[in-house]
Amino acid sequence: MDFEITVSPLAKSDIPSILEIEYDSQPEPWTEKAFLEEINRANSSVLVARLPAGDPVGAPFPGVAGYICFWSVAGEIQILNIAVRKTLRRRGIARKLIELAIRTGWEQHAGCVSLEVRKSNSAALKLYESFGFIVTGERPNYYEVQKESAILMELDISEPEQEKNREGNLPHGC
Ligand SMILES: CC(C)(COP(=O)(O)OP(=O)(O)OC[C@H]1O[C@@H](n2cnc3c(N)ncnc32)[C@H](O)[C@@H]1OP(=O)(O)O)[C@@H](O)C(=O)NCCC(=O)NCCS
């Protein structure tokens with residue numbers, strides 16, 4: 001990453017920026033109500049990546065660069081949403097957010113991280129594969145809008161040492 005970002009929990013004041021990114025990124029965008037519910041949900045984390053003051057990359061909207069929402073459920077981290085502002089993609093922001101979700105999993109002694117992704121979302125599939133997520137299933141016609149299958153993916157995080165050699169190890173589902 002050619003600039004430093006900070007990451008902190010979602011605040012209500014972030015929601016207009018979050019919705020702008022969400023509507024620009026997702027075929028079935030979450031609503032304001034959905035994000036507010038996550039703020040109040042005990043087992044949910046919504047982390048927001050923020051640009052440093054001074055707008056070093058000339059982004060049109062300094063401030064919120066991206067976000068991730070994940071739940072801690074039954075010894076698992078479930079990633080429900082992740083998006084990065086279009087003008088700030090391929091700079092490692094999503095990678096940083098996923099690393100933080102994995103770290104949370106380690107702290108909570110979770111066994112795995114799981115998620116669902118549209119079959120055609122090659123950018124997201126590449127991102128998850130780069131961490132060692134593997135495909136564990138497929139749900140045909142899962143998404144209503146732009147009807148499409150969901151690919152189910154998992155990353156075993158029961159051995160934190162895997163962090164040291166993500167690409168060298170052969171990960172397995174949990
Ligand atoms: C998927 C998404 C979150 C990735 O965010 P990002 O900040 O651009 O991702 P990163 O810069 O951290 O990428 C990390 C790695 O993922 C892979 N990757 C990310 N975007 C990619 C793309 N468009 N094409 C190929 N590989 C890609 C690469 O391996 C990349 O590493 P590299 O840049 O060193 O090659 C972003 O494209 C996005 O917001 N998409 C719309 C919302 C979405 O699809 N969310 C996922 C729903 S499951």
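Eight bridges hold E3 and E4 together as an antiparallel pair, and Trp-71 sits across from Gln-78 of E4 in that pairing. This is a predicted model, and the pair belongs to an open, mixed sheet of seven strands.

**The chain as a whole**

- The protein chain has four helices and seven strands.
- Reading along the sequence, you get β-α-α-β-β-β-α-β-α-β-β.
- Of the 174 residues in the protein chain, 25% are buried.

- On average, neighbouring strands are turned by 25° against each other, ignoring direction.
- E5 and E7 are an antiparallel pair with seven bridges, and here Val-113 has Leu-155 of E7 as its bridge partner.
- E6 and E7 are also joined in the antiparallel sense, by six bridges, with Arg-139 opposite Ala-150 of E7.
- The E6–E7 hairpin has four residues between its strands, and Gln-146 in this hairpin has a positive phi near 50°.

**Helices against the sheet**

- H1 lies across E3 and E4, and its direction makes an angle of about 85° with E3.
- H4 (residues 122–131) lies across E5 and E7, running at about 160° to E5.

**The nonpolar core**

- The largest nonpolar core counts 36 residues, and the ones with the most contacts inside it are Tyr-67, Ile-68, Ile-79, Leu-97, Ala-101 and Val-113.
- At least two residues of this core come from each of helix H1 (15–25), strand E2 (44–50), strand E3 (64–73), strand E4 (76–84), helix H3 (93–107), strand E5 (112–118) and strand E7 (148–156).
- Leave out residues up to four places away in sequence, and Leu-97 touches Val-7, Leu-47, Ala-49, Gly-66, Ile-68 and Ile-82.

**Around the ligand**

- The ligand is surrounded by 19 residues, the closest being Arg-89, Ala-94, Ala-123, Lys-126 and Leu-127.
- E4, H3 and H4 are the elements that give two or more residues to this shell.
- H4 gives the most, with five residues.
- Sorted by class, the shell has nine nonpolar, five polar and five charged residues.

- For context, most residues other than glycine have a negative phi.
- Arg-90 is an exception worth a look, with a positive phi near 60°; find it in the loop between E4 and H3.
- Arg-90 has 8 other C-beta atoms within 10 Å, and the cut-off for exposed is 12 or fewer, so Arg-90 counts as exposed.
- Asn-141 is another non-glycine residue with a positive phi, this time about 50°, and its place is in strand E6.
- With 9 other C-beta atoms within 10 Å, Asn-141 is exposed too.
- Pro-140 is also in strand E6, and it is exposed, with 9 other C-beta atoms within 10 Å.
- Pro-140 and Lys-119 are 21 residues apart in sequence, while their C-alpha atoms are 9.5 Å apart in space.

Terms used: Residues are numbered from 1 along each chain as its sequence is written. This is a predicted model: local features need pLDDT of at least 70, side-chain atom pairs count only at pLDDT 80 or more; totals for chains, interfaces and linings use all residues. A nonpolar core is a set of buried Ala, Val, Leu, Ile, Met, Phe, Trp, Tyr and Cys residues joined through C-beta atoms within 7 Å. A residue is buried if 20 or more other C-beta atoms lie within 10 Å of its own, exposed if 12 or fewer, and partly exposed in between; C-beta atoms are placed from the backbone. Two residues are in contact if their C-beta atoms, placed from the backbone, lie within 7 Å. Two strands pair if DSSP finds at least two bridges between them. Axes are lines fitted to C-alpha atoms, for helices over the stretch in contact, and angles run from 0 to 180 degrees between N-to-C directions. A residue is near a molecule or strand if its C-beta atom, placed from the backbone, lies within 6 Å of it. Ala, Val, Leu, Ile, Met, Phe, Trp, Tyr, Cys and Pro count as nonpolar, Asp, Glu, Lys and Arg as charged, and the others, Gly among them, as polar.
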